[in-house]
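Please go through them with the sequence and the model side by side.

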Amino acid sequence: MLVPAIPFASSLCESEYSCMTGKKDKNHQHTFEIMITSGRPRPTRPRMIVPTPITCIYDAQSESLNFVFSENLGGVTITIANTTTGTVIYDMCSTTPGNCKVMLPDEEGEYQILLEGDHGEIYSGVFDL
């Protein structure tokens with residue numbers, strides 16, 4: 001799952017809805033889950049995390065993001081931007097098979113993820129490598 005635009009660090013996800021962004025790992029040796037929230041990134045403030053139909057996991061071994069969809073959202077446009085280097089990755093996938101994999105460049109930095117559904121749904125998240 002993608003993080004609700006709140007860059008915080010922890011080592012492991014404690015539950016499906018409370019998750020970490022991952023500590024900076026120069027060797028990319030940790031695989032971690034990233035929380036996805038509904039809507040565009042918002043200013044940081046305390047709030048309850050709302051469950052979403054998307055789980056996102058960073059796989060360190062393949063240097064990729066794996067998106068798992070718990071419901072059919074139709075087609076989804078994925079934008080992943082490294083705000084440190086300016087690199088932007090675009091991809092599209094269907095949510096009907098249930099998952100989608102997006103390869104990442106071997107670049108450190110803060111990444112912002114934006115997913116836009118066919119029906120106007122918007123989901124976002126942030127993580128650090």
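**Notes on the predicted model**

1. Asn 82 belongs to strand 5, which covers residues 75-82; please keep in mind throughout that the model is predicted. The relative accessible area of Asn 82 is 1%, and because the cut-off for buried is under 20%, Asn 82 counts as buried.

2. Which backbone atom lies 2.9 Å from a polar atom of the side chain of Asn 82? The atom in question is the backbone nitrogen of Thr 84. Leaving aside residues up to four places away in sequence, Asn 82 also touches Thr 87 and Tyr 111, together with Glu 107, Glu 108, Gly 109 and Glu 110.

3. Ile 34, which sits in strand 1 (residues 32-35), is likewise buried, with a relative accessibility of 0%. The C-alpha atom of Ile 34 is 7.2 Å from that of Gly 125, although 91 residues separate the two along the chain.

4. Regarding the surface, 44% of the 129 residues of the chain count as buried, with Asn 82 and Ile 34 among them. The accessible surface of the chain comes to about 6900 Å², and carbon and sulfur atoms account for 52% of that area.

How values were computed:
Residues numbered from 1 in each chain as written. Predicted model: local features only at pLDDT ≥ 70, side-chain atom pairs only at ≥ 80, totals over all residues. Heavy atoms only, no water. Helix = DSSP H or I, 4+ residues; strand = E, 2+ residues; numbered from the N terminus. Buried < 20%, exposed > 50% of the residue type's maximum accessible area, 1.4 Å probe, protein only. Polar contact = N/O pair within 3.5 Å; in protein donor to acceptor, adjacent residues only side chain to side chain. Contact = heavy atoms within 4.5 Å. Areas by Shrake-Rupley, 256 points an atom, 1.4 Å probe, with all protein chains shown as cover.
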